[in-house]
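User: I would like a close look at one part of this model. Please keep the answer connected and brisk.

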Amino acid sequence: MTAPNESPVQTGKGSADALAPLSLERVEESLSRHGYAFVEDEEHPEILRARFDDYRFQFMISGDEHGVLQTRGRWSHSVDVSRKVEMVKLCNEWNMNRIWPKVYVRRESEGLLGVYGELAADFRAGALDSQIDNGITCGLSTVIAFFHSLEERLGAELDDLDS
């Protein structure tokens, strides 16, 4: 019998015994298994970079125990700082109506904002390859869904954003 927040320990294939520690090498293997192109960041060796649908993504391992996989994407448009309130409202609406990904606006220069989405997957107990694959797939698909939603909401205004 287990408590409500516990899961039973299973034996055999797919058990807790088969879990391996999360590492950037395992993330690289997962990206390669999917046929995704990526590059290592020379300045930040703990980050892998990739592009999906013209959006820049980073994959990194974080947390005190280096067991959290973070998938972070940046929207392909920059936004003038005068539109900060509007962009924050759009992000907050997304965050209130969905569990993930977390989306936010960040100042990148004196007059420009970037819009980001990220998903963190906790693998401190270790992970199967399939769990890492699913974490990456979920991060990519949900962040890209947010970016597409934002583009749909802004419509014709997109042409004015980067000018």
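Is Cys91 buried or exposed, and what is its relative accessible area? Then please go on to the salt bridges.

Analyst: This is a predicted model. Cys91 is buried, with a relative accessible area of 2%. Cys138 counts as partly exposed, at 23% relative accessibility. The disulfide count is 0.

Now the charged pairs. The structure holds 9 salt bridges. One of them joins the side chains of Arg26 and Asp129, at 2.7 Å from N to O. This pair links distant parts of the chain: Arg26 sits in helix α1 and Asp129 in helix α3, 103 residues apart. Arg26 is buried, with a relative accessible area of 11%. Asp129 is partly exposed at 36%.

Helix α1 spans residues 24–33, and its buried residues are Leu24, Arg26, Val27, Glu28, Ser30 and Leu31. Their cover includes strands β1, β2, β3 and β4, along with α3. Just after α1, Gly35 takes a positive phi of about 80°.

Another salt bridge pairs Glu118 with Arg72, with the closest N and O atoms 2.8 Å apart. Glu118 lies in strand β7 and Arg72 in strand β4, so the pair ties together parts 46 residues apart in sequence. Both Glu118 and Arg72 are buried. Arg72, Glu118 and Lys102 are linked in a network of salt bridges.

Arg72 also touches Gln58, a residue of strand β3. Gln58 is buried, with a relative accessible area of 17%. Other contacts of Gln58 include Ile47, Leu48 and Thr71.

A further salt bridge brings together the side chains of Asp122 and Arg124, at 2.6 Å from N to O. Asp122 is partly exposed, with a relative accessible area of 45%.

Notes:
Residues numbered from 1 in each chain as written. Predicted model: local features only at pLDDT ≥ 70, side-chain atom pairs only at ≥ 80, totals over all residues. Heavy atoms only, no water. Buried < 20%, exposed > 50% of the residue type's maximum accessible area, 1.4 Å probe, protein only. Helix = DSSP H or I, 4+ residues; strand = E, 2+ residues; numbered from the N terminus. Contact = heavy atoms within 4.5 Å. Disulfide = S-S within 2.5 Å. Salt bridge = Lys/Arg side-chain N within 4 Å of Asp/Glu carboxyl O. Lists of a residue's contacts leave out its neighbours within four places in sequence.
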